[in-house]
Amino acid sequence: MQPYELSLTAASEAIRTRKLSPVELVDSVLDRLAKVEPQLEAYVTVTPEQARRAAREAERDVAAGRLRGPLQGIPMGLKDLIDVAGAATTASSRVRADHRADTDSTVAARLAAAGAILIGKTHTHEFAYGLTTPQTHNARDRDRVAGGSSGGSAVAVAAGTATFALGTDTGGSIRVPSALNGVVGLKPTYGLVPRHGVTSLSWSLDHVGPITRTVEDAALVLAALAGHDPRDPASLATSGDYRPGAGTDLTGLRVGVPRNYYFDHVDPEVEAAVRRAIDTLESLGARLVEVEIPMTRYIQATQWGLMVPEATAYHERTLRAVPELYQADVRILLEAGELMPAGDYVRAQRARTLMRQAWARLLDDVDVIAAPTVPVTAVKAGQDTVTWSDGTVEGVADAYVRLSAPANITGVPSLSVPVGDDTAGLPIGMQLLGRPLGEPVLLRMGHAYEQTQPARQLATV
Amino acid sequence: MSADELTPPEAARWAARAGLPLPADRHAAVAATADHIHSVVAVLRELDFGDTPPAAAYRAGEEKRDAAV
């Protein structure tokens with residue numbers, strides 16, 4: 001096994017016990033990147049010299065016994081919405097061609113303080129306003145979409161060109177590409193990870209979180225990211241050690257299995273894989289409880305009623321100054337957002353209040369809800385719609401957002417875990433949703449599930 | 001087209017009122033997209049909100065201190 005193939009957890013242990021040097025690890029990841037990045041196009045920019053310099057420094061620190069925790073010497077990618085001092089935050093947009101961040105975002109600063117090493121900035125669907133990331137190719141099949149909007153981050157982690165990465169999630173943008181590329185994605189509780197210095201798509205729906213190879217890896221990254229920052233008005237005064245225990249016993253946990261919504265208009269192979277995974281949770285001791293998802297008729301309306309005007313507001317100046325620099329799909333949404341009445345936005349905020357209350361009641365009865373992350377695996381690049389067996393036609397973006405949006409609207413945490421491949425070899429994801437600040441339960445359950453499965457291989461590219 | 005859909009000239013006028021003058025070649029596309037968004041969000045009008053407040057809120061007197069990095 002080459003160092004680039006190691007999980008964060010395994011690489012971290014090898015560095016701590018001096019079986020692996022951060023220099024060897026970073027060199028291995030950069031060699032892998034040189035080989036596969038031309039086919040994947042996951043990165044906007046790669047900074048190999050800085051990465052190698054940081055790796056040498058990390059190597060000296062470890063040799064001298066200056067240990068800084070599990071992320072020390074670990075190579076990572078940051079979605080290019082995340083400010084790193086001195087670098088452009090391009091948002092994968094021509095609008096940001098001359099951008100330069102003066103200071104680190106909170107998450108970049110915390111990862112640097114933890115000793116993680118930046119390999120580069122990864123592609124996003126332009127300004128995170130889309131679900132495919134068209135610049136980037138799926139790690140398993142380059143003719144298929146990467147998913148989005150954190151497509152570059154998920155592809156890099158899946159292909160071995162970053163040991164972990166950060167994404168952002170406004171309507172599924174961490175979980176969707178994670179599911180489509182066969183890696184783990186965690187959208188934390190709203191406010192758990194500060195967003196200061198991260199380009200916004202929609203303030204009331206945006207989250208930052210890790211994309212990793214294993215659930216345990218996600219726990220290690222989350223511990224470095226969580227904690228209060230007064231510069232993010234949603235920031236919570238919570239942090240902790242999220243590393244799940246070694247055991248797989250899930251006795252005492254109640255898993256809600258939705259009887260509506262989450263299994264409607266879902267590809268049969270996706271449904272079968274997720275139901276098999278839920279059966280595995282039951283075999284580990286969890287009790288399955290059928291649940292009814294509330295207010296499903298209003299999920300898309302609430303998501304759009306919040307996101308569309310907030311995104312348009314963020315881009316107000318540049319949409320007037322340089323509209324031609326936006327891609328066509330993003331420009332039209334920003335322009336049309338100008339025409340949404342304030343009443344629609346307030347109605348969406350009130351619907352969110354009702355939905356949060358209804359979900360809180362739902363999560364009184366179960367500890368976790370298990371469901372597909374996305375209803376269909378990675379579609380062909382350029383495919384616009386999905387046709388369901390009853391003849392219903394759904395836009396690809398609508399399909400990919402559909403099962404993710406409830407966690408953005410209500411702020412509950414959601415962890416996407418790979419649960420196998422379809423017959424075309426494309427990955428399938430299951431999401432575990434929990435109570436606000438219920439990350440420890442999600443990580444425990446996801447980790448237990450993973451331990452029952454054979455170790456996943458990297459995408460061969 | 002239903003009575004509450006925007007015509008391209010109406011979309012242009014609404015955008016102008018919002019401070020976004022649209023070139024003529026964008027009126028039809030913006031009207032169509034705005035109408036689609038409207039059709040999605042209009043379903044919220046079915047809800048009886050009673051005294052439900054909007055979720056957007058803030059805490060007055062939030063403590064200000066430097067972030068822990």
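Two residues are in contact, or touch, if their C-beta atoms, placed from the backbone, lie within 7 Å. This is a predicted model, where local features need pLDDT of at least 70, side-chain atom pairs count only at pLDDT 80 or more, and totals for chains, interfaces and linings use all residues. Residues are numbered from 1 along each chain as its sequence is written, while chains are lettered from A and ligands numbered from 1 in the order in which they are written.

**View 1. A:M76 and its contacts in the largest nonpolar core.** Leave out residues up to four places away in sequence, and A:M76 touches A:L111, A:A116, A:I117, A:L118, A:I119, A:A162, A:T163, A:F164 and A:A165. The largest nonpolar core has 164 residues, and A:M76 and A:I117 touch the most other members. Helix α7 (residues 215-225) of chain A gives the most to this core, with nine residues. A nonpolar core here is a set of buried Ala, Val, Leu, Ile, Met, Phe, Trp, Tyr and Cys residues joined through C-beta atoms within 7 Å. Buried means that 20 or more other C-beta atoms lie within 10 Å of a residue's own, exposed means 12 or fewer, and partly exposed is in between; C-beta atoms are placed from the backbone. Helices (H or I, at least four residues) and strands (E, at least two) are DSSP runs, numbered from the N terminus. In soluble globular proteins, nonpolar side chains tend to be buried together.

**View 2. Where chain B meets chain A.** Chain B puts 31 residues into the contact, and chain A puts in 39 residues. On the chain B side, α1 (8-17) and α2 (27-41) each supply at least two residues. The most comes from α2(B), with seven residues. Sort the residues on this side of chain B and you get 24 nonpolar, two polar and five charged. For that sorting, Ala, Val, Leu, Ile, Met, Phe, Trp, Tyr, Cys and Pro count as nonpolar, Asp, Glu, Lys and Arg as charged, and the others, Gly among them, as polar. As for chain B itself, look for two helices and zero strands; 22% of its 69 residues count as buried.

**View 3. Helix α2 of chain B and what covers it.** This helix has 15 residues and reaches 21 Å from its first C-alpha to its last, close to the 21 Å expected at 1.5 Å a residue. The expected span is 1.5 Å times one less than the number of residues in the helix. Which residues of α2(B) are buried? They are B:V30, B:A31, B:T33, B:A34, B:I37 and B:V41. Their cover includes α9 (299-314), α11 (328-337) and α12 of chain A together with α1 of chain B. One of those covering helices, α9(A), is mostly covered itself, with 13 of its 16 residues buried.

**View 4. Helix α8 of chain A, with a buried face.** Helix α8(A) runs over residues 268-283. Its buried residues are A:V270, A:A273, A:V274, A:A277, A:I278 and A:L281. The arc is that of the directions from the helix axis to the C-beta atoms. On the face turned away from the buried side, find the exposed residues A:P268, A:D279 and A:S283. Among the elements covering the buried residues are β7 (254-258), β8 (287-291) and α15 of chain A. Just after the helix, A:G285 takes a positive phi of about 115°.

View 5. Not counting residues up to four places away in sequence, A:R356 touches A:T410 and B:A55. With 24 other C-beta atoms within 10 Å, A:R444 is buried. Setting aside neighbours within four places in sequence, A:R444 is in contact with A:P244 and A:G245.

View 6. A cis peptide bond joins A:G148 and A:S149, with omega about 10°. You'll find A:S149 in the loop between β3 (117-122) and α5 (151-159). A:E41 isn't a glycine, yet its phi is positive, near 55°. A:L437 has a positive phi of about 65° and isn't a glycine either.
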